[in-house]
Amino acid sequence: AFTISLRKVDNTTVTIKQRPGVPSSCQIRIRSVLTPELKIKPGDNVTFTFTCSTPEKYFIMKIQKNIDCVSGPCPFGDVHLYPPGLPRLDRTYIWDVKASTKAGLELKFSTPWLRQIEPGGTCPDYVSYNINSCIDTATVNIGTFCRNGSVSRVKLLGGVIMSLHLPWDSPLATSGFNIANRASIKRLCIIESILERESSITLMSPNYPLGFPEDELMTWQFVVPSNMRASVFFHNYSLSNCERKEERVEYYIPGSFSNPEVFKLSDSQPANIAGSFNMSLQGCDQDAQNPGILRLLFQVIVQHPQLDENVTHLVDLSKERNMTVTIHVEGWPSHVPLMSEPICLICKDPRTCDRVLTLASGTVYRISFLCKDLSRLRITAEKGISCVDLQWCQKRIYSLSVPKTILQLPIRLHKFIWKLLAPDLINIEITSPSLKLQQHVPEQRCNTSYSYSIASATPETELNVGVFCPGGSIEKIQMRNNITISLKTFGKGFINESNHQDLKMSFVPHIKDECSFTVSPNPKAKVYLQTPNWPYGLPPYVSISWYVVVPSKQTARLGFSKDRMGIACETGRAYVNIKEETLGAEETVRREDELLPDPRNMYHNFWVNISNCKPVDRTQLTLQFWVTFADKQIDLGIVLAVVAGAGVLVAIGLTVCCVKKKKKKTQNPMVGVYNSDVNTQMPGKKALFTKGRQNNESHVYAVIDDAVVYGHLLKESNGSVTPEFDVYRPFEGPVGSLPPSPPPFSFRKDIKRSSNTGEEPPPLTDTDHDTYTFAHQKPGQLEDNGDANEKDKGDTSVPLLENKEQDGLVE
């Protein structure tokens, strides 16, 4: 049984009632009466029991004491927990103190003092205080607090309602505060916070987050050791709609030449303050129809002065355009929690410091750092480059390198972003003349101190072109639409490697594909290339091209990393096109439902084009291919034939030379043989070539070259004439510079028409095999000459020596 005895002079009421939301399975028994609720008033003496063994699960208790400091003496001193001997239930003590607005009250808290939390928050030990100020009939919630903090005193205008909530198993036996005195403060409240060591505290304006009372003034007093530095940061605030006056924050800082220092809530607040200071929040007269809400949540950081706080660093951005530089703590902006310990601060003047500082182009800054460990800081910069008039900007080449004024800071560069903006019909070309770029793929990972992430914004979705690093084989990338290039660093090696940056960009006329690569590999390298948006797949209807340069003395071998595209098309068709850039080259085309080409040798520069359809379901088009090089191999048979031919020609030359010398020495008379079939009369004078070749003698030679006489020397031992061998000569005429195209639209339309009408596509014929080759007219092919035409008409001329015998001329 429990007995509670209340004296009238204590003016205390105890109420025990059932816990809200808990089923009633336990009752209070007074003598033989069961009741769910018990209220004990001043002067009562009540003995009771519970009908269950765990009443703390079903009941809560409220103990309220009324104190009148207006008509009677105020009970200064410690406030006790009264009455004793209460049952172990969750209980709330409430002290309702009435006081005049001309004489406010001061509540003083014993160590370990209090820490303010947001309404609805929970304290670690479940012991919480709530302070409300009562001005006439209005009640203002000053705040909710836990133990173990820095708030040592609260002065309030008028009366106060102080609440202490204790859990049923709390060992706390004292209230932890006292009523110190009465003093007129002429403002809503004053909260004192004592910061004895490096720490961070969070405070809120009264009635947070519902709104600070209209046209009110309150003050926070911060007691800071003279050898420490304090900085103020506003994290969450909103403004009301003012009709008169202006909402502001005022600081009284010892040693300041302009006390009070007035700031807007949107300003950067004072930092690096030496010693104690006051901060006040002033409201305004609000619009009656639309008052708005004035509220503020802020932090105060206290830390030791830094050894290098007076060291300044010059950041000259006066010659830069459209660029911002942000210095921030690691993890910004995705993860910036409220500061729980001293942190790194960046200052653009001795009193303007923050965790994040943004510097704009066109200005010179002198910055300093309040930070023990600068390795926690990072730099993120962004620069915009745009083109409006192609005739003007096409002549310019922009260098995409990090300015040296940024690299000279003792902070690691995290990311530098270039936003390249191009209007319609103007595209962007990225080059790396000396270093060239390597695409980061699983088989060929980047191993440098920095990399470039390139993304192109298409009308439907963002195309992530890929991650690239220096030291590869890609010398040029052309893309449509706007582009974002992000340089990201890894480790400290970028400072040394940054001197060799050579990434450049320019604006070029409209290109055909969404993205086009020019690849000039090292002859000894194996190059891996993969489609953009890896591993999520190309967007629908996007076409990508690669132009691969093959060295003149090399043969390239092209192969794909898998045997099929791995997609099914809902609309349209997906294609892989391969074509060498040489006269009369055939184009190899594969559809998404066919096997990709086997590894093949390429003897000239060639194009690889990949065009996507609209895939079915969630299937995506992702392709990777590789290119290797080898020295060109000369056929041994050709070499022997060329050497043999050269030897024969030398022998013929020597023989002819000897015969001519012999003729000169002998001078033998000509020998004639009579032939009755030959006309011996002198022919008359006739017109030149009046007969056709079949019946004139224009093809009969009067002189036979000695080399022809000895033509039998050119015969091989087997009696056959030595075949002619052509020698490869690189094509030196004009060739096209455009990538290969997918099959004609008529071919696609036929397929699309059948799909739209619901008809089945026609079955594959004998011509629908794996490889589709499209014959192109050879632009350099000559028409047949006249001799050929005569031959077509029936010229059956016998070999030359036989013609001579018919004409009776035999030597």
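The protein chain has 8 helices and 55 strands, where helices (H or I, at least four residues) and strands (E, at least two) are DSSP runs numbered from the N terminus. This is a predicted model, in which local features need pLDDT of at least 70, side-chain atom pairs count only at pLDDT 80 or more, and totals for chains, interfaces and linings use all residues. Residues are numbered from 1 along each chain as its sequence is written, and side-chain values use heavy atoms, with hydrogens and water left out.

Of the 811 residues in the chain, 42% are buried; buried means under 20% relative accessible area, exposed over 50%, and partly exposed in between, with a 1.4 Å probe and protein chains only. Among contacts (heavy atoms within 4.5 Å) with a separation of 6 or more, 81% join residues 24 or more positions apart.

**Aromatic rings**

The structure holds 23 aromatic pairs. Rings of Phe, Tyr and Trp (its six-membered ring) pair if their centres lie within 6.5 Å; planes under 30 degrees apart count as stacked, over 60 as edge-to-face and the rest as tilted. The Tyr251 and Phe277 pair is tilted, because the planes stand at 35 degrees, with the ring centres 6.5 Å apart. Tyr251 belongs to strand S22 and Phe277 to strand S25, so the pair ties together parts that are 26 residues apart in sequence. Both Tyr251 and Phe277 are buried. Tyr251 and Phe277 also belong to one aromatic cluster, whose members include Trp220 and Phe298.

**The cavity**

A search of the whole structure finds 1 cavity of 30 Å³ or more. On a 1 Å grid over the protein atoms alone, a cavity is a set of points where a 1.4 Å probe fits but cannot get out, and lining residues have an atom within 4 Å of a point. Grid points are joined across faces, edges and corners, and a volume is the space filled by probe spheres set on the points. The largest cavity holds about 50 Å³ of space. Its lining includes Gln116, Asn141 and Tyr208.

| Strand | Residues |
|---|---|
| S11 | 114-117 |
| S13 | 138-147 |

Strand S13 gives the largest share of the lining, 4 residues.

**Pro532**

Pro532 sits in the loop between strand S45 (527-530) and strand S46 (543-548). Pro532 counts as buried because its relative accessibility is 0%. Leaving out residues up to four places away in sequence, Pro532 touches Leu463, Asn464, Val465, Gly537, Leu538 and Ile544. The C-alpha atoms of Pro532 and Ala455 are 9.1 Å apart, while the two residues are 77 residues apart along the chain.

Note on methods. 1 Å grid on protein atoms, 1.4 Å probe; cavity = no way out; pocket = protein on both sides within 12 Å on 5 of 7 lines; lining within 4 Å.
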